[in-house]
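User: Hi! Could you walk me through this model? I'd like to start with the loops.

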Amino acid sequence: MLLTYSLLVVFATAFVATGLWLSLARHCRWFDHPNHRSSHVIPTPKSGGAGFVLAFSILVAALYLGDVIAVQQLALAGLALVLAGVGFIDDLRPLGIAQRIGTQVLTALGALLLLDPVPPLSFPWGTLEPAWLRIALLLPGLVWLVNLYNFMDGIDGLAATEAIFVCLALALFASVDAASLVTMLSLGLALAVTGFLFFNLPPAKLFMGDLGSNYLGFMLAVLGGLAMQSTSVNVWTLLVLLGVFIVDATVTLVGRMRAGLVWYHAHRSHAYQQAALRMGNHGSVVAAVAVINVCWLLPLAWLTTRYEQWGMLLVFIAWAPLHVVGRTYRQVPTVAVQE
């Protein structure tokens with residue numbers, strides 16, 4: 001019963017804080033103004049992720065004060081706040097790529113060290129044992145997750161619903177393995193983001209901004225790491241759950257780089273953005289992604305928790321049709337153009 005009340009408080013805090021932020025952003029004129037690369041048509045208040053960041057941070061602090069989590073988990077949440085702060089600065093006054101990536105690398109490295117020991121990676125032919133090698137492989141992956149989450153936050157409701165799905169999936173898997181801490185944290189973040197989603201549903205009144213997307217990309221990786229330490233969740237599980245975001249963002253990035261375009265510039269060539277343009281609304285795309293997540297990716301993710309040694313194959317099975325579907329919408333120039 002106490003857990004239920006705590007989670008309801010998280011939701012209520014996020015909802016109220018997001019509403020207050022909306023008023024503050026309007027007053028301070030913190031707007032995301034549309035341009036030829038945007039998927040919205042009117043100036044919209046931004047950095048609304050502050051609402052769920054605040055709510056979840058309060059939950060983490062309360063759990064620490066109640067001796068439910070250790071100082072390592074508190075420090076992980078602190079690193080997420082660093083990324084959120086850098087994201088807010090970037091929302092107000094765009095930072096250089098070196099500043100953004102530098103901060104992301106340092107926070108990602110800190111997270112991997114705090115999550116030590118990083119569980120071994122299982123393949124059909126064996127496991128990858130050396131911890132330093134696992135960290136070397138996971139570090140760029142974590143940095144990329146933070147960035148791709150930013151790239152995929154381009155239409156109303158998509159990034160928030162994706163985070164809720166991943167969190168609920170982790171909570172489900174953790175509850176099966178009786179990992180109460182991971183279950184509580186995952187449900188807490190899901191409800192915090194749900195409080196924000198009411199303001200972000202199409203047509204959005206408020207955007208989460210880099211503040212929110214940086215935080216979510218990092219925290220999903222952290223929750224996944226905590227789940228890997230105490231449950232049957234593994235890296236393949238996370239790759240499957242985040243399949244829609246990983247495939248669309250990665251394939252689009254590679255295509256833009258091959259075309260000689262600046263990969264970190266804003267654009268709307270992602271499959272989900274083009275799908276929204278063709279359908280004429282954002283809600284249909286968000287609903288389609290939700291169906292793919294629940295009906296296709298969730299069962300495959302569960303299989304990775306039972307048959308970890310075949311995780312790489314299951315990731316391929318999960319991703320392949322996503323790539324095929326994405327190709328019908330994605331729009332990346334074959335030669336460099338002026339941006």
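Analyst: Happy to. Pro203 sits in the loop between helix H7 (180-200) and helix H8 (209-230); helices here are DSSP runs of H or I with at least four residues, strands are E runs of at least two, and both are numbered from the N terminus. This is a predicted model, where local features need pLDDT of at least 70, side-chain atom pairs count only at pLDDT 80 or more, and totals for chains, interfaces and linings use all residues. Residues are numbered from 1 along each chain as its sequence is written, and side-chain values use heavy atoms, with hydrogens and water left out.

User: What is the peptide bond from Pro202 to Pro203, cis or trans?

Analyst: That bond is cis, and its omega is near -10°.

User: Which loop holds Asp67, and what is its phi?

Analyst: Asp67 lies in the loop between helix H2 (50-65) and helix H3 (71-92). Its phi is near 60°, a positive value in a residue other than glycine.

User: Is Asp67 buried or exposed?

Analyst: Asp67 counts as exposed because its relative accessibility is 71%. The cut-offs are under 20% relative accessible area for buried, over 50% for exposed and partly exposed in between, with a 1.4 Å probe and protein chains only.

User: And what about Ala178, where is that?

Analyst: Ala178 is in the loop between helix H6 (158-176) and H7. It has a positive phi of about 60° although it is not a glycine, and with a relative accessible area of 67% it is exposed.

User: New topic: how do H10 and H13 cross?

Analyst: The axes of helix H10 (residues 243-258) and helix H13 (residues 311-327) come within 9 Å and cross at roughly 55°. Axes are lines fitted to C-alpha atoms, for helices over the stretch in contact, and angles run from 0 to 180 degrees between N-to-C directions. H10 and H13 are therefore oblique to each other; under 35 degrees counts as roughly parallel, over 145 as roughly antiparallel, 65 to 115 as roughly perpendicular and the rest as oblique.

User: Which residues meet there?

Analyst: From H10, Gly243, Val244, Ile246, Val247 and Val251 meet Trp319, Leu322 and His323 of H13, where contact means heavy atoms within 4.5 Å.

User: Nice. Lastly, how many helices and strands does the protein chain have?

Analyst: The protein chain has 13 helices and four strands. Its C-alpha trace spans about 50 × 45 × 35 Å along the principal axes, and 53% of its 339 residues count as buried.
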